[in-house]
Amino acid sequence: MSNPIEPPLATLPLASHGGAPADVNAGLQEFVSLASQWGEWPMVLVCQGFPRATEVLAGHGPAPDGGGASMLQRLPACRAAAIEVIGDVRVDQEWAASALPDVRSVAIAPLCGGGDAPQGFLLLMDRVPREASPGLVERLGMMARQAEVHLRLAAAAALEQALAAERQMNRQIIANAPIGIGIYDRDGDCVMANDALAALVGCTTGQLLAQNIHRVDSWQTSGIYAIALRALADGGRASGVVQGISSFGKPVLLSIDFTLLPGASTGHLMLMSQDLSRFRQMEDARREMQDRFEMLFVNSMDGIILGRADGTVTAVNPAACTILGMSEQEVMARGRSGVLDAGDPRLQRMVEERRLTGRTRGETRVVRGDGSTLEAEISSVLYPDSQGRMLSSSILRDISGRRHLEQQLEQSLDLLRRLAQRVPGVIYQYRIYPDGRTCFPFASEGIRSIYELSPEEVREDATPVYARLHPDDVDDVVASIETSARTLQPWHHEYRVSLPRQGTRWRLGDAVPERLEDGSVLWHGFITDITQRRRQEEQTHWLAYFDSLTALPNRRLLLDRMGQALAKARRSGLKGCVLFVDLDHFKRINDARGHAIGDALLQQVARRLDSVVRAQDTVARLGGDEFVIMVGELGIDAEAAARTAMAVAEKVRHALHAPYQIEGKDYSSHGSIGITLFPKAEESVDDLLREADTAMYRAKEAGRDGIAFFEATMQAEVEESLALENDLKVAVERNQLSLDVQGQYDGEGRLAGAEVLLRWRHPTRGLIPPAQFIPVAEDTGLIVPIGEWVLEQTARAAARLAAAGITLALAVNLSPRQFRHERFVERVKEILDATGAPARQLVLEVTERLLINDPELAAARMVELRALGLRFSLDDFGTGYASLRYLKKLPLYEVKIDREFVAGLPDDVNDVGVVNAIVSIAHQFRLRVVAEGVETPAQGEFLLDAHCDALQGYLLARPVPLPGWIAERLESQHTRETDTP
C-alpha cells in the first residue's frame, strides 16, 4: 500500500462537461473518490479527449503546481487504446519528460463512453513505483467500465437538456416573432400562438388557444379556412391575402401563409400572418406623392425642365413654356443647348460645377423662341434613376424684373451711402445678443468723428465705444439702453464722451429698437455732436442760477435748494439752519474806493464763506453785500443743532475778520449774522429767509459784528451752552473735575463693588450735574480726554486696592465717542501698564446706544478688551433695542437695571414684570445683575426677593469722593489685618 502524498489529499476542481446535471457530476466525482480508496491510488483523474487530455471531468487528490490546466499541458499523449501501466515513470522516456512532481507510477485506462473509439481516459498516479499485474489490469478495466457508465449518463443528460433547450428556444422564437404565428393540431385545435397573432385579430393569446379552425366563422367568410384546407389537401403550403372582420370585431387586411409541418403523422399546421394595412398605406402615400408632384410640376410658377444628362429634354412644365415663349414640343425639340445661351461665360462654370458635384445654381442667359434673351436663375441637379441612368432636373426662374429692381436698389443704396458719408454724426446699427455680447453691425464713416473709432473696430465688438464714454455717464447710458431693450421703446439719451484728440464732448443718441428671432435686440439710429448746444445751455443755466460776480448760487438757485432741503428735513427729522450774512459798513468802502474795490472785496468774501462750510452746504449771494449760508443734517436734537449752527456762525465771523488785500492795500470788514433753524410747522422757504434776515438785523442792532438767533430763547440757551463749553475746557485744563464713588451691596449687606462717578464742582456755578455737562463734552470732543482721565484715576484706585489685598471691582462709564476713538484700545493698554491695575478689577459700563451705532466695531473691541481681562457691564438695560441679541453675542459680565424701572417697585405691575424678566433673562445667560437707584426699603426687599445680585442707591450709600473712600477701605483692611491673631 502506497504512502499518502503530502499535503493531505484534496479534491481537484472539475471542469464543465457539456452542462450535465449536478447529480451526474456528483456521481462521477464520487466514483473517482471510491476508485482512489479501492485501488489505493492517491490521485485519480477522469480526463476528456484522446489520445491527449483536453479537460478534467472529475478528480481526486492534490492539484500539482500550477493547477489542473498546467498538469494537462504536461501529460504525454496516450500511446494505445488499451490499459497501460507504467510502474516507474523515471524509466519511461515520455513520462519522465513530463516532470510531474512526486509522481512515480501511472495507470491509464481508455474510456469509450458508449462509442467505438475512446473519448477520454482514466488516469491513476502514485508517488511510489508499482508493478503491473493481471489483477491490477483487471481492476483498472472494472474502474474504466464504471467511469464509462457515468460518462454515458452525462451524455444522455446533456442530450436531453439540449433538446429541452431547443424546444424552449423554438417557443421563444415563436413568442417573440414580429409576425403572427399559430400552430394547430390534426383536429384543428390551436396548440400554440404568439402575441403578434393575437394583436393582428384584436384578442388575447388565451382566446386564440380556445379556437378550432373548423369552427371559426370569420375564417369561413374571409377565405382563411379555404387556404388552410388547401394546405392540408396539398400536404405542403398555401397562402393568400384576406380582408374582412375578425372574430373579435377588428377590421383586418392580412397575408395568410399555412404550412403543414414535417411529420405527416402529427398533422400539425402552422399559420404565419402579417398586417398588410401599413403596406396599403404606403402605396396610397406613394400615389398621393406622385399626384402632388404632378400638380406641383404643372402648377409651379417656376419653370421646370426634366431631361437626361446628355442634354435631351423629356418634360417641360407650363411655366417654363411661358418663360421661353415656346411650346413643350418646341423646347423638347431644341434640347438643352437650344435653350441656354452658349455665349454666356457664366454657363460654362455652372456646367463644370454640375459635372463635378452633381448640382449647380447660378444666373445666366436663356434664349426664347423669338431669339431674344433674358436673365434667368437656374438650379440644376443630376441623379440616377432605378436603372442607373443619369437624369437631369432644372428649375428656371425669370429674374429680369428682379435685376431691374436690384439696379434701382443699388442706386438707392449708393445714394444712402453718400448721405451717410456726409450727414453730421454717425448712422448706425447697434445689436445686443442674448448672451450680452454687443456690436455695431453697421456704422457710417461719421463714427470716426463721434467716437474716434473706425467702423471696422466696432463691427464685431462694441467694447471700444464703451471705453470712450465719460466715466460719470457710463452707468446712465447702460441703464437707458437696457430699458429700451426691455420695453422696445425708442432710445434717446444725452451723454459725454472722453476722446483722445477732442477731449470731453457731448453726444445725443436716438435709435429705434426691434427684437430679432434669436432674441437679439437691434437698434437703428444716429448719434450727433451737441457739444456747442450743451455749452450754450450750460452758459444760460449758469447765468440764470449763479451770481456773475462771485460765481455763487443766486437767489433763484438758493430758493430751489432750500425747498429741497426743507422737504428732506421734514422726512428725516434732521435739523438744519440758515445763516443770513450782511457785511457791516460795506457802503463806506464802495463809496470811498469805488465799485471795483467793492466787487473785489465781495469776491474774496465769497471765497472765504465757501471755504468754511461743507461741500453739501450752500453759500449764495442775494445781491449787494448780502450772503446766505444753508447748512443741513445737524442732527435730530434741536439744542445740539443750535450749538452746531452757532459754531458755524462763529467760524464765518472769524473768517470775515481777516484783512482783505486788494491792489496791494489792506482792507478790513466784518459782518452781522442771523440764524434760524428748520424745519418748523407750516414754514415756507420765504419764511426761513425772513426769519434769518430778522435775526441778522437783531445782530446789527446789538452793535454789529455779532450773531443772533431768530428764536430769543434759543439764543440764550446757545449762549449758555457755549459758556458751559468754554468753562468745561477751563475745568479740564485746571483739573477742576473730580471723581465720586458709590458702593454696590449684596443681599447680606456686604460691599460687592462700586461705581466711579464724574463730578464737576464749578468755582462760581457750584456742582454742575453730569446730565448738563456730559452732552457738551460729547459734542465738543472733550469727552475723550476726560474719559481717559477718569479711566486712569479709576485704574490707579484699583491698583491701590489690589496692593492692599482688596479685590473689589470698580465700574466706570464709557462714552460712545470715547469707545469709538481709534486709539481707545491702545490707550487702555497703556493705562493698565502705567498703573499696574489688575484688569479684572475694572468693569467698563457701556450703553445700548453705544452698541447699536456700529455693532461690528463694538463687538470686535469688546472681545479685544475682554482678552486683556477687563469686564463689561451693560448699563440702563431694557431701555434700548435688541437687548437679547447683545446678551447672546457680546462678552458681558453684568447688566444694570435702569433706575426708571426700579422707581416704580414694588407697586407698579409693569415695572415688577420688567424687573423679574430682566433678572431671569440675565441669569439664564449667567450674567450678574445690579439694580441702581434703590432708595426705599421696599424696593431693596423686592429686588433681593427677585434674586438681584447687588443693589446701588441712596438707600445703601450715597456717592462720596473717591480719595476718601479709598482711604477708608485701606484703613478698614489694615484694621482687620491688625486684629487678626
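These legends go with a few close-up views of a predicted model. Local features need pLDDT of at least 70 and side-chain atom pairs count only at pLDDT 80 or more, while totals for chains, interfaces and linings use all residues. Numbering runs from 1 along each chain as its sequence is written, and side-chain values use heavy atoms, leaving out hydrogens and water.

**View A. Helix H19 (residues 555-572) packs against helix H23 (residues 685-701).** Helices here are DSSP runs of at least four residues, strands of at least two, numbered from the N terminus. The two axes (lines fitted to C-alpha atoms over the stretch in contact, with angles from 0 to 180 degrees between N-to-C directions) sit 9 Å apart at about 110°. That makes H19 and H23 roughly perpendicular (65 to 115 degrees). Look for Leu558, Leu559 and Met562 among the H19 residues that meet H23, with Val685 and Leu688 among their H23 partners; contact means heavy atoms within 4.5 Å.

**View B. Glu494 and Arg534 pair up in a salt bridge (2.6 Å, N to O).** The term covers a side-chain nitrogen of Lys or Arg within 4 Å of a carboxyl oxygen of Asp or Glu. Glu494 belongs to strand E18 (residues 491-499) and Arg534 to helix H18 (residues 531-545), 40 residues apart. Arg534 is buried at 18% relative accessibility, whereas Glu494 is partly exposed at 27% (buried is under 20%, exposed over 50%, partly exposed in between; 1.4 Å probe, protein chains only).

**View C. Glu691 meets Lys680 in another salt bridge, at 3.1 Å, N to O.** Glu691 is buried at 6% relative accessibility, while Lys680 is partly exposed at 25%.

How values were computed
Angles under 35 degrees count as roughly parallel, over 145 as roughly antiparallel, 65 to 115 as roughly perpendicular and the rest as oblique.
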